Amino acid sequence: RSNLGGVRHILLVLSGKGGVGKSTISTELALSLRHSGKKVGILDVDLCGPSIPRMFKVQDNDVHQCDAGWVPVFVDQEKSISLMSIGFLLEKPDDAVVWRGPKKNALIKQFVADVAWGELDFLIVDTPPGTSDEHISTVEALRPYKPLGAILVTTPQAVSVGDVRRELTFCKKTGLRVLGIVENMSGFVCPHCSECTNIFSKGGGEELAKHAGVPFLGSVPLDPQLSQSLEEGRDFIQEFPKSSAFPALTRIAQQILDGALQQSS
Ligand SMILES: Nc1ncnc2c1ncn2[C@@H]1O[C@H](COP(=O)(O)OP(=O)(O)OP(=O)(O)O)[C@@H](O)[C@H]1O
């Protein structure tokens with residue numbers, strides 16, 4: 001039996017640009033799903049900029065081997081969130097990965113085949129920005145396991161939205177279903193007067209979703225408590241239910257749960 005045999009739903013998180021919040025959305029989606037009673041894994045295939053270990057504050061952990069392959073790193077004692085990332089394989093967490101494409105592709109194949117995930121409700125695959133070799137290798141390696149689809153993350157500005165158009169084309173060409181678009185860093189709600197300032201403009205992601213005929217999963221505002229939680233490896237979903245990004249993040253998770261339920265029925 002393959003190591004992904006016990007994984008019910010696989011979804012990818014993609015973006016055209018770097019730094020728009022893929023790892024943030026992957027992390028908060030995993031936490032939200034965990035609080036809905038699901039077992040979740042995150043496979044971080046961002047080989048040159050792995051940020052998932054740090055966002056869960058487990059960057060000093062090592063990965064061990066068992067008969068079935070690599071044992072992922074568990075975030076909690078209940079083992080409800082497990083992680084695999086190149087960050088756990090580097091001698092020092094800040095070591096740079098200077099590899100050519102074939103070596104990267106080989107590691108991605110190994111990540112897909114050799115991690116002993118056990119039973120998972122969701123496996124979230126956090127990808128590097130763009131549509132590189134690594135994306136093609138990831139999608140090809142996952143194809144036999146019929147991924148649920150991809151979440152596309154963008155910031156509201158036209159330049160980032162333009163890059164998401166390329167992601168839409170990538171999904172179409174590789175036969176990956178688009179689960180929806182998330183607009184991240186969409187306005188800043190003042191904690192004192194609750195007025196919303198659209199720092200990076202607003203609505204680009206929603207408009208693109210409408211235009212492309214794909215679901216719009218929601219706008220996540222810029223939220224200092226969110227970035228601080230990520231810096232400190234804290235559980236934002238549990239600790240900050242009153243913060244401005246909380247409703248959007250939990251709504252995204254609910255839509256993913258609904259979509260997965262529909263696919264299963
Ligand atoms: N809605 C938000 N509010 C506040 N800070 C955010 C928000 N979304 C992301 N950030 C912060 O922005 C930074 C970049 O986010 P993140 O690492 O998730 O982006 P990424 O797209 O995964 O980047 P990369 O391309 O390097 O993989 C992080 O420091 C994160 O804490």
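Strands here are DSSP runs of E, at least two residues, and helices are runs of H or I, at least four, all numbered from the N terminus. Methionine 185 has a positive phi of about 60 degrees although it is not a glycine. Most residues other than glycine have a negative phi. Methionine 185 also counts as buried, because it has 24 C-beta neighbours inside 10 Å. Buried means 20 or more other C-beta atoms within 10 Å of the residue's own, exposed means 12 or fewer, and partly exposed is in between, with C-beta atoms placed from the backbone.

Two notes on the model. It is predicted, so local features need pLDDT of at least 70 and side-chain atom pairs count only at pLDDT 80 or more, while totals for chains, interfaces and linings use all residues. Residues are numbered from 1 along each chain as its sequence is written.

A second residue has a positive phi without being a glycine: lysine 57, at about 55 degrees. Lysine 57 sits in the loop between helix H2 (52-55) and strand S3 (64-66). It is partly exposed, because 14 C-beta neighbours lie inside 10 Å.

Now the ligand. How many residues surround the ligand? There are 21, and the closest are Gly18, Lys22, Ser23, Thr24 and Ser227. A residue is near a molecule or strand if its C-beta atom, placed from the backbone, lies within 6 Å of it. Which elements each supply at least two residues of that shell? Helix H1 (22-35), strand S9 (178-189), strand S11 (216-222) and helix H7 (224-232) do. By type, the shell divides into eight nonpolar, ten polar and three charged residues. Nonpolar here covers Ala, Val, Leu, Ile, Met, Phe, Trp, Tyr, Cys and Pro; charged covers Asp, Glu, Lys and Arg; the others, Gly among them, are polar.

Next, the records. An unreviewed UniProt entry places "binding site" at Gly16, Lys17, Gly18, Gly19, Val20, Gly21, Lys22 and Ser23. UniProt positions are in the numbering used here, feature names are shortened, and annotations may be inferred rather than shown by experiment. Lysine 17 is in the loop between strand S1 (7-14) and H1. Glycine 18 has its place in the loop between S1 and H1. Buried or exposed? Lysine 17 is buried, because 20 other C-beta atoms lie within 10 Å. Glycine 18 is partly exposed, because it has 13 such neighbours inside 10 Å.

The unreviewed entry also places "binding site" at Cys190 and Cys193. Cysteine 190 is in the loop between S9 and strand S10 (196-197). Cysteine 193 is found in the loop between S9 and S10. Cysteine 190 is exposed, because 10 other C-beta atoms lie within 10 Å. Cysteine 193 is exposed, because 7 do.

On to H7. Its buried residues are Leu226, Ser229 and Leu230. They sit on the same side of H7, because they cover an arc of only 95 degrees around the axis. That arc is taken over the directions from the helix axis to the C-beta atoms. The face turned away carries the exposed residues Pro224, Gln228, Glu231 and Glu232. What covers the buried residues of H7? The cover includes H1, H2 and helix H8 (236-239). After H7 comes glycine 233, with a positive phi near 65 degrees.

Compare helix H6, residues 204-212. Gly204, Gly205, Leu208 and Ala209 are buried there. They are on the same side of H6, because their arc around the axis is only 135 degrees. Lys210 and His211 are exposed on the other side. Glycine 213 follows H6, and its phi is positive, near 70 degrees.

Last, the core. In soluble globular proteins, nonpolar side chains tend to be buried together. A nonpolar core is a set of buried Ala, Val, Leu, Ile, Met, Phe, Trp, Tyr and Cys residues joined through C-beta atoms within 7 Å. The largest one here has 70 residues. Those with the most contacts inside it are Leu11, Leu123, Ile124, Ala150 and Ile151. Contact means that two C-beta atoms, placed from the backbone, lie within 7 Å. Leaving aside neighbours within four places in sequence, isoleucine 151 is in contact with Leu11, Val13, Ile25, Leu179, Gly180, Val182 and Leu217.
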